[in-house]
Amino acid sequence: MTKESPQKKTMKKLIKAIWVLNWFNSCGFAELIPVVASRWDMERFGMIVVGNPRHADVLFIAGYQTLKSIKRAQRIYEQMPEPRVVIALGSCTMTGGMYWDSYNTIKRLEDYLPVTMYIPGCPPRPEAVFEACAKIFKHVEEME
Amino acid sequence: MIEKEIIDKIKKKFKVEGSIQRERRVIVKTAPDKLVELCKFIKDLGFEHLSSLSVTDWPKRGIYEHTYHAWSYKDKILITIKTEINRDKPEIDSVYLVWGESAQIHEREMHELFGVEYKGNPDLSPLFLEEWHEKPPFRKDFDWREYVRKNFYDKENERERVYFEEV
């Protein structure tokens with residue numbers, strides 16, 4: 001067995017129990033409730049929703065962010081411990097979605113926060129959310 | 001009919017246009033300088049709850065149309081008060097002293113979105129917008145698409161060029 005890097009050790013601990021902080025600004029929250037509820041049940045993967053950014057590993061950002069709320073999102077991101085992951089849900093975070101010509105929403109989240117992964121869809125299906133999580137798990141397993 | 005009684009009472013005291021829209025809906029049109037006096041009067045009639053305050057922009061006619069909705073718990077009637085002011089110099093007396101905080105927050109929002117000055121309102125600081133230096137965004141002559149192109153998109157970017165094409 002090859003020796004694992006310290007980074008991989010940390011990440012392996014992290015993916016055993018992913019603690020999620022939700023920062024939802026719009027319809028994204030209503031669409032992600034099925035992921036928490038019993039049918040898709042994200043707890044079987046060890047994912048729990050926490051109420052404090054200082055406990056969270058993953059930040060879920062769903063829907064458009066206004067110019068006012070993105071400042072709060074940045075402050076939440078700064079409070080999270082390393083290693084931290086930002087997952088952006090929905091088409092609004094990528095291009096602005098249907099708010100592409102709105103004067104008070106941001107258009108691309110990556111201009112404001114380092115986004116690890118985008119999940120497309122309006123809204124994304126719960127399966128898409130889990131596929132993204134599976135990709136993170138796979139990425140950690142393939143790490144050196 | 002209670003609606004007719006209310007209209008008659010208002011018409012007796014003020015020179016206004018008033019009519020019954022339908023059951024439990026009364027509409028009154030007044031001049032802006034008589035507004036506060038009228039609001040005080042209808043509050044004494046039982047219209048305690050200011051449920052909404054909105055502004056409509058009519059650029060061709062050059063006016064802002066204010067619409068106040070007040071509800072009477074006693075008679076279960078919704079009254080609409082309409083008044084028109086000049087949109088280039090939008091100033092109107094505040095109804096803060098009549099309905100208090102519920103009027104204050106509505107007026108603060110309308111001040112931000114339409115730029116209306118409410119004389120007598122204690123706090124008109126920005127409510128939703130931060131660091132806004134343009135003209136009020138809900139005015140019809142505010143071109144939000146032009147604003148978005150200038151602030152968010154780059155014409156040289158191949159992926160964003162589509163936003164600059166006229167449809």
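How many helices and strands are there in chain A? Chain A contains 5 helices and 5 strands, where helices (H or I, at least four residues) and strands (E, at least two) are DSSP runs numbered from the N terminus.

This is a predicted model, in which local features need pLDDT of at least 70, side-chain atom pairs count only at pLDDT 80 or more, and totals for chains, interfaces and linings use all residues. Residues are numbered from 1 along each chain as its sequence is written, and chains are lettered from A and ligands numbered from 1 in the order in which they are written.

**View 1. Overall fold of chain A.** Read from the N terminus, the elements of chain A follow the order α-β-α-β-β-α-β-α-β-α. Chain A has a radius of gyration of 15 Å, close to the 15 Å that the globule rule gives for 144 residues, so it is as compact as a globular protein of that length. The radius is taken over C-alpha atoms, and the rule is 2.2 Å times the number of residues to the power 0.38. Along the principal axes, the C-alpha atoms of chain A fill a box of roughly 55 × 35 × 25 Å.

**View 2. Confidence along chain A.** The mean pLDDT of chain A is 86, and 99% of the residues score at least 70; pLDDT is the predictor's confidence in each residue, from 0 to 100. Within chain A, confidence is lowest in helix H2 (residues 28-36), with a mean of 81, and highest in helix H3 (residues 69-79), at 92.

View 3. Trp19(A) lies in strand S1 (residues 19-24) of chain A. This residue is partly exposed, with 16 other C-beta atoms within 10 Å; a residue is buried at 20 or more such atoms, exposed at 12 or fewer, and partly exposed in between, with C-beta atoms placed from the backbone. Beyond its neighbours within four places in sequence, Trp19(A) is in contact with Ile48(A), Val50(A), His55(A), Ala56(A) and Asp57(A), a contact being two C-beta atoms, placed from the backbone, within 7 Å.

**View 4. Domains of chain B.** Chain B is divided into domain 1 (2-129) and domain 2 (133-167), with bounds from an automatic or database domain assignment. The contact between them takes 6 residues from domain 1 of chain B and 6 residues from domain 2 of chain B. Helix H4 (residues 101-114) of chain B gives the most to the domain 1 side, with 3 residues.
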